[in-house]
Amino acid sequence: MSEFDAIFIGAGQAGPFLAARMASAGRKVALVERKYLGGTCVNAGCMPTKTLVASARAAHVARSASNYGVLIAGEVGIDMKIVHGRAEKVTLDARRGLETWFDGLDSMTVIYAQGRFVEPNTIVANGERLVAPQIFINVGARPSIPDYPGLADVPYLTSTSIIQLAELPRHLVVIGGSYIGLEFAQMYRRFGAQVTIVERGPYLASREDEDISDAIADIVRAEGITVQTQATGLSFRKAADDIEVTTNEGTITASHVLVATGRRPNTDDLGLETAGVKTDAKGFIIVDDSLSTNIPGIWALGDCNGHGAFTHTSYNDFEIVAANLLDGADRKLSDRIPAYALYIDPPLGRVGLTERQARASGRSILVSTRPMARIGRAVEKGETQGLMKIVADAETQQILGAAFLGIEGDEAIHGIIDAMNARTPYPTLQWSVPIHPTVSEIVPTLIADLRAVS
Ligand SMILES: Cc1cc2nc3c(=O)[nH]c(=O)nc-3n(C[C@H](O)[C@H](O)[C@H](O)COP(=O)(O)OP(=O)(O)OC[C@H]3O[C@@H](n4cnc5c(N)ncnc54)[C@H](O)[C@@H]3O)c2cc1C
């Protein structure tokens, strides 16, 4: 049996940073990881996908070059080996960076093993019992696979396995038209594959407002991606080298199928019931405002607690716990204003409530929208797809949310994220003097155009 001050299960985007802080302060910590340091973000999520998105964008820019008077002789070719090599290097460099960092921390022990609770203060890893008064769970999530007839019998891809795919699919059928599915769909279309998105809901990215979802559909359709919404009756069948995907609209012959229908927490093989840690119906670990579970001395951070599905939300969980446990602060999960991006090109930057959510909250709200086609920076760059939208509370004058779908949307949204976190009343933004020409310079105009909606 080995005793520690703290044990971390899973080396995602929260636990390792807390482990490193504790180890730097001389505490004896164990970090138990069953696969790779850095978790999903580094190895199968943000880093490889955004590297692939960058290659896809380079192909798109090269193909559109003649619109800008830049002439490229011949067809634009894609070398998938180089494309994947770039992504792999980015991942390996980041993972090695973490390995080197943790190797240098004397009181941190990294154990490569599956961790499993056998008592509330004890886990087993590699057959050894590890005991600590504080245990932090950071086990993340994995693709959730729906129970469609025939799916289990065909060689489908997930967001994890598609990153390793060496060949270019002839026809990629993406099941699920939400964030992960959309990114891969556009990326592979730009690499040269025929792509079809099959979505069971009425809209792509259906958590967004309808005008944003419609603009997303326009963007992907403009690149030749086929979109089928309200798909029902899905079934799958292997047919020679292909996979037949049947929906209510007929049968699609795919060379590859990507299943991107959401993610489920890695909490089913952790022995949580032995420790008495409660989960909700979907398996997410139930935590309070300080990320503590129902068992004193056990915390759950990152995607596995269901309060975020992003690297920055997982990292923020680390910040909250570190501030409260190590710095005497009283930071709360409920203070977090949700923000995220969808990395199609152009990207969607999002913060706070959608218009639909704001309306449903019963507040009297103000809304302002502007198409990117009326934004100078977008016109100059020749990339006018999308729109910008801000939603505010008429009474409190607080900004409730924003969606910037268009070039630099993932960056420009930060002006609104900062204003919301600073609780700046919206009229203040009308009098800032932004830099011309930028996408952000439209924010004062959007604010001036806020109008009551019924
Ligand atoms: C394709 C894709 C693209 C994404 N793009 C973005 C993006 O652009 N921006 C963004 O913010 N987020 C993105 N995400 C989400 C992001 O990757 C995750 O939200 C992020 O990694 C935070 O996860 P985490 O810290 O909860 O755990 P994870 O990063 O998932 O890590 C959990 C770790 O725990 C380990 N583990 C699990 N169970 C055990 C066990 N019992 N014992 C030992 N180890 C265990 C796993 O092996 C893993 O290493 C993307 C995700 C995917 C799949």
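Modeller: In this predicted model, 39 residues surround the ligand, and the closest are Gln 13, Glu 33, Thr 40, Asp 303 and Ser 314. By class, this shell divides into 17 nonpolar, 16 polar and six charged residues. Several elements each supply at least two residues of the shell: strand 3 (29–33), helix 2 (39–44), helix 3 (46–64), helix 5 (179–191) and helix 8 (311–326). Helix 2 gives the most, with four residues. Domain 1 (2–142 + 264–335) and domain 2 (151–261) both give residues to the shell, so the ligand lies between them.

A polar backbone atom of Gln 13 is 2.8 Å from an oxygen atom of the ligand. For Gln 114, an N or O atom in the side chain is 3.1 Å from a nitrogen atom of the ligand. An oxygen atom of the ligand also lies 3.5 Å from a backbone N or O atom of Val 139. On its own the ligand has 1,000 Å² of accessible area, and the protein covers 94% of that.

Next come the empty spaces. Rolling a probe the size of a water molecule over the atoms shows where empty space is left. The second largest pocket has a volume of about 330 Å³. It is lined by 16 residues, of which His 60, Ser 64, Tyr 68, Gly 382 and Glu 383 are the closest to its centre. Helix 3, which also supplies residues of the ligand shell, gives the most to this pocket's lining, with four residues. The lining has five nonpolar, six polar and five charged residues.

There are two cavities of 30 Å³ or more. The largest cavity has a volume of about 50 Å³. Among the residues that line it are Glu 208, Asp 209, Arg 350 and Lys 389. Its lining divides into five nonpolar, one polar and five charged residues. Strand 22 (387–393) and strand 23 (399–405) each supply at least two residues of that lining, and domain 2 (151–261) and domain 3 (339–452) each give at least three.

The second largest cavity holds about 40 Å³ of space. Its lining includes Val 53, Glu 183, Arg 190 and Tyr 343. Helix 3 and helix 5 are the elements that give two or more residues to this lining, and helix 5 gives the most, with four. The classes here are five nonpolar, one polar and three charged. Domain 2 (151–261) and domain 3 (339–452) both give residues to the lining of the second largest cavity, so this cavity lies between them.

Technical notes. Residues are numbered from 1 along each chain as its sequence is written. This is a predicted model: local features need pLDDT of at least 70, side-chain atom pairs count only at pLDDT 80 or more; totals for chains, interfaces and linings use all residues. Side-chain values use heavy atoms; hydrogens and water are left out. A residue is near a molecule or strand if one of its heavy atoms lies within 4 Å of it. A polar contact is a pair of N or O atoms within 3.5 Å; within protein, one must be able to donate a hydrogen and the other to accept it, and residues adjacent in sequence count only if both atoms are side-chain atoms. Accessible areas come from the Shrake-Rupley method with a 1.4 Å probe; for residues, only the protein chains shown count as cover. Ala, Val, Leu, Ile, Met, Phe, Trp, Tyr, Cys and Pro count as nonpolar, Asp, Glu, Lys and Arg as charged, and the others, Gly among them, as polar. Domain bounds come from an automatic or database domain assignment. On a 1 Å grid over the protein atoms alone, a cavity is a set of points where a 1.4 Å probe fits but cannot get out, and a pocket is an open set with protein on both sides within 12 Å along at least five of seven lines; lining residues have an atom within 4 Å of a point. Grid points are joined across faces, edges and corners, and a volume is the space filled by probe spheres set on the points.
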